[in-house]
Amino acid sequence: MNYVEPPVADILEFIAQEGCTDAQFDQLALRLFAYQYHASASYRSFCQRRGATVRNVKSWDDIPAVPIDAFKAMELRCEPPTPTERVFMTSGTTRADMRGRHFHPRLDVYNLSMTRNFAQRFMQGVERMPMGILFPDDIAMPNSSLAHYLALAKTTFGTDDSCYFMSPTGIDLQGLWQRLAQAERSGEPYALLGASYSFVHVIDALRKAGRSFRLPAGSRILDTGGYKGQSRELPLEAFYLALSELLGVPRDLCINMYGMTELSTQFYDDGNAVVPSVKSGPHWIRSRLVDPATGRTVPAGERGILAHCDLGNFNSVNTILTEDVGEPAEGGFLLLGRAEGAQAKGCSLAVEEFIRSVAP
Amino acid sequence: MSVIRVEAGYLPGLSSSDVQWRTLPFDRDGQRVEVAVPELSPSQMDALAKRVRDASARTLRTLSVSDIIDIIDRAVSRLLDRDDAYRRQIDALLPLVSGYAAEMVHLGLTGFFKTFRAPQLHRFVAEDFANPKVLDGFQPAIKGGAVRAFGPRLLVHSWAGNVPALALWSLVCGLLVKAGNIGKLPSAEPLFAGWFARLLVEVHPPLADCLAVVWWRGAGGEGADALYAQADAVVAYGGNEALQAIQRRLPVTTRFLAHGHKLGFGVVSAAALDALKAPALARRAAWDVMRYDQQGCYSPQIFYVQRGGQIAPREFAGYLASELANLQRRYPRRPLDLAESTAVAKWRQSIEWKPSTPHRQGREDLLIGDPVAAWSVAYTDDMQALAPTALQRSIVVAGIDALDDVAPAVAASAVFLQTAGIAATPRELYRLAEQLGAAGVTRVSAIGSMSAPEAGWHHDGRFNLLDLVRMTEIEHSAEAAADPFAPYEL
C-alpha cells in the first residue's frame with residue numbers, strides 16, 4: 001500500500017458517491033489511518049502509546065481518537081507546510097493564549113465535503129437562494145473555518161444579491177431589517193445564516209425595537225457554534241421559539257450546524273421543532289461515544305464523549321476526541337453540551353477551583 | 001434492578017409524616033439505593049433548633065466529659081463490631097452510596113473508628129485542655145481565680161464530601177464540649193451521620209433531643225437561614241466558594257470554623273531510596289493515593305523524590321505505578337462519571353501533549369500506565385509547583401535535587417496546604433518540617449499514614465475543641481471580694 005501520498009483522489013470520489021457500506025467506510029478509514037500513522041511521527045507515537053498499530057487496527061472504531069487539545073499543543077500534520085496552505089484556528093473559547101490549529105494544504109476536500117452535505121441538509125433541493133450572513137467574511141477572518149464555511153455557502157448556494165450584514169461595530173441591524181422587510185414583500189424564500197450568538201443579538205434587538213417579520217414560506221435559518229460567551233446564554237427552547245416567532249420561520253427550518261475547526265465535515269439536524277435535536281453527518285464521517293479516560297466506546301445506549309472519524313481530515317488526524325457530551329439517538333446523536341470539569345465531592349481541591357483561586 | 005430504601009437524618013420531635021422528603025438515588029452494579037432526605041420548613045427548623053439547644057443545656061451539660069466519652073466509646077465499640085446491626089448497615093450501604101470498593105470502606109472505617117475509642121478520646125481532650133475538668137466546672141487558674149469552658153449552646157455542622165463517615169469528627173467535637181448539635185448531611189454521603197445520631201441515642205436515651213441531622217439542597221433556602229440564625233458556632237467543610245456562601249449568611253457574632261479543600265504532598269529523601277526500602281515506601285505511598293481515591297484533604301497530589309539515592313526518582317515512579325496496579329486489583333477505583341472521567345482524561349492529555357520546549361533537552365515527562373488503567377503516574381524531571389491532579393488515583397512524581405527545593409515549590413499554595421508525608425532521616429525530617437511549617441503545612445506524617453490522621457490531630461492546624469468553647473473566668477478579685485461576705489467571716 002502506498003503510505004507516501006494521502007489518498008485524496010479516493011476521498012474525493014468517496015464523498016461524491018451516494019452513501020457507502022460499512023466495509024467501504026472501514027477500507028478508506030484504515031487506508032487513511034495507515035497513511036497518517038506513517039506520515040506523522042507525533043500521531044504514530046500517540047497511537048503506539050495506546051497499543052494501536054496498522055496491524056491491529058481492524059476497523060474505524062479501533063482507531064485511537066486524538067483529543068482536540070493536541071491541536072493546541074503541536075502541529076498535527078502529515079504534509080510539510082506550504083506557503084499556500086490554509087490554517088484554521090479555534091476561537092480559543094477557554095484559553096485565548098493557545099489556539100488549536102488545523103492545517104489544510106488544499107481545500108478541495110473540505111469544500112466538497114461542505115457543499116455536498118450543505119446541499120442536502122440545508123438547501124434541501126433548492127439550487128440557490130438569497131442569503132444574509134451574520135458573521136464576518138473570510139477576508140476579515142482568514143483563520144476562521146466558520147468564516148470560510150459561510151463564504152462557501154454564499155458563493156455556492158447564494159443568489160447574487162446575497163450579502164453580509166456585518167459592520168465594524170457588529171451586526172448591521174438597519175440593513176438587516178430592510179432586507180428582511182424586502183423578503184417579506186417579495187415572497188421569495190430567504191436564508192439567514194450565522195453564529196448562534198449573532199442570532200441572540202438579533203432576537204434582543206427585535207424585542208427591543210418591538211419588531212418582528214414573517215419571512216416567506218421556504219425561508220430558513222442556520223445557526224452554529226453556541227454562544228461562546230459572546231451573548232447571553234439562551235436555553236435552546238427559548239432560542240428557537242424566539243427565532244420562529246420573531247422571524248416567522250417554522251422551527252423545522254431552523255437548522256443547527258455542529259462543526260469544529262478540527263474537522264472537515266459538519267453535522268446537521270432536521271430542524272429544531274424538538275430540542276435537543278438529533279444531529280447526524282454524511283456517509284464520510286462516523287461518530288462513536290467514548291469514555292474519555294480510557295478512549296473505549298461506552299456500552300450501547302449510554303452517554304459518552306463524542307469521537308468523530310472524519311475521512312475529510314486527510315492531513316491532520318482522521319479521528320478526534322471532542323469535549324462534547326453525546327447521547328445516542330435514532331439516526332444520530334443528541335448533543336448535550338460540553339463536559340464540564342468535575343466538581344470536587346470530597347475535601348481534596350479540584351483543578352477548576354485551584355485555577356480560579358490562582359487566577360489574578 | 002433491586003431497590004433499597006433508606007430514610008436518612010435524625011429529627012427528634014418530628015414524625016416522618018410531618019416532614020417533606022426528597023429522594024436521592026444511587027445506582028451501583030445493578031443495585032439502587034434510594035435515600036430519603038428530609039426538607040424542613042423554616043418553622044420546623046426553628047423549632048428543632050430550640051429543642052436541641054434547650055435539651056442540651058438540660059441534659060448534655062450535666063454530664064461530665066468522662067461520661068460523654070464513655071457514651072461515645074460505647075457507641076463506637078458497636079461500630080467496631082462487624083456483627084452489630086449498625087455496622088452491618090454501614091458496610092452494606094456506604095460502598096453502594098459512595099461507590100468505593102467495599103473492602104476499602106470497611107478497612108478505612110475500622111481504622112477511623114478506632115481513633116474514637118475512650119483512650120483516644122481522652123487524649124483528644126487532653127490535647128486541647130491541660131485540665132479537661134474545665135469542661136465540667138470551674139477549675140483553679142494558675143494566675144489566680146478560676147476558669148471554666150463553655151461549649152456553644154447550638155453548634156451547626158455543614159458536612160461535605162464523599163469520604164464516608166466524615167461527620168464523625170465534628171460531631172464528636174461538639175459532643176465533647178457539650179453543645180447541642182445539628183448537622184447538615186452531604187448529598188454525596190447522606191447516611192452515616194443520621195445513623196450515628198440514632199446509635200448514640202440507643203446507647204444513652206437521654207441524649208435523644210440533644211442532636212439532629214437534617215438536609216437541604218445546595219446552599220439551602222429559608223430553612224437553612226432559620227437554622228444558621230440560631231447557631232452560636234458553625235463548622236463547615238467544603239470548597240472556598242461554598243464556605244464563603246455560608247459565612248455571608250451568618251451574623252458577625254457567630255463563630256465560623258471553616259475547613260476548606262486542601263492539597264497534600266509527599267517528600268522522599270535520597271536516604272530512603274535503597275533497593276530494600278524504596279519498594280516498601282512506594283507501597284505505602286500507593287496506599288495514601290488509593291485511599292478514597294484522593295478525595296481526602298490529606299491525600300497526596302505529588303511526591304517530590306530526591307535524586308542521588310540508589311533508586312532514581314524515575315524508578316520510584318515505576319514502583320509506585322506497579323503498587324497502584326496491585327491495589328487496583330484488591331481495592332478497585334470508584335467508577336467515574338462522565339465529568340470525572342473527562343477531568344482525568346484532560347489531566348493526562350495535558351501531560352501527554354505538553355508543548356515541547358527546547359531547554360528541556362534530556363529531561364523527560366512520562367505518563368506511566370495504560371489509559372485504560374484506573375490510575376496514572378506522571379513522572380517529570382522538572383521541578384513542579386504543587387497543583388491538584390485529576391484525583392481518582394492520578395499522581396505526579398517529580399525528581400528534585402535537594403530537599404530544600406520543596407518548600408518554595410509548595411509555598412504559592414500556602415492557603416491550601418495541610419498534610420505533608422515525609423520519608424527522610426530524622427535530621428532531614430526536622431529541617432523539612434521547619435521549612436514546610438513556615439510555608440503553611442500543618443501536619444507532617446509518615447508516608448502511608450497521610451490518609452489516616454492520628455487521634456487528637458489538629459485539623460488544619462487548629463484546636464478542634466478549644467476553638468469551639470468560650471472561657472469564663474472568675475478573677476482573683478471576685479474571689480477575694482466574696483470572702484468578706486461569707487457567713488463564717490466575723
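**Exercise 1. State how many residues the largest nonpolar core has and which have the most contacts inside it.**

Solution. The largest nonpolar core has 114 residues. A nonpolar core is a set of buried Ala, Val, Leu, Ile, Met, Phe, Trp, Tyr and Cys residues joined through side-chain atoms within 4.5 Å; buried means under 20% relative accessible area (1.4 Å probe, protein chains only). Phe113(B), Leu176(B) and Val377(B) have the most contacts inside this core. Its largest share, nine residues, comes from helix 7 (residues 192–203) of chain B. Helices (H or I, at least four residues) and strands (E, at least two) are DSSP runs, numbered from the N terminus. A second, separate core has 43 residues, including Phe14(A) and Val57(A).

The model is predicted: local features need pLDDT of at least 70 and side-chain atom pairs count only at pLDDT 80 or more, while totals for chains, interfaces and linings use all residues. Residues are numbered from 1 along each chain as its sequence is written, chains are lettered from A and ligands numbered from 1 in the order in which they are written, and side-chain values use heavy atoms, with hydrogens and water left out.

**Exercise 2. Describe the open sheet of six strands in chain A.**

Solution. Begin with the order, which is 5-4-8-9-10-11, with mixed pairing. Two strands pair if DSSP finds at least two bridges between them. Next, find the edges: strand 5 (163–164) and strand 11 (267–268) of chain A each pair on one side only. Then take one pair: strand 4 (residues 131–134) and strand 5 of chain A run in the parallel sense over two bridges. Ile133(A) stands opposite Tyr164(A) of strand 5.

**Exercise 3. Is Ser196(A) buried or exposed, and which side chain does its own side chain contact?**

Solution. Ser196(A) is in helix 8 (residues 196–209) of chain A. Ser196(A) counts as buried because its relative accessibility is 3%. Its side chain makes a polar contact with the side chain of Asp223(A) at 2.7 Å. A polar contact is a pair of N or O atoms within 3.5 Å; within protein, one must be able to donate a hydrogen and the other to accept it, and residues adjacent in sequence count only if both atoms are side-chain atoms.

Key: Buried means under 20% relative accessible area, exposed over 50%, partly exposed in between (1.4 Å probe, protein chains only).
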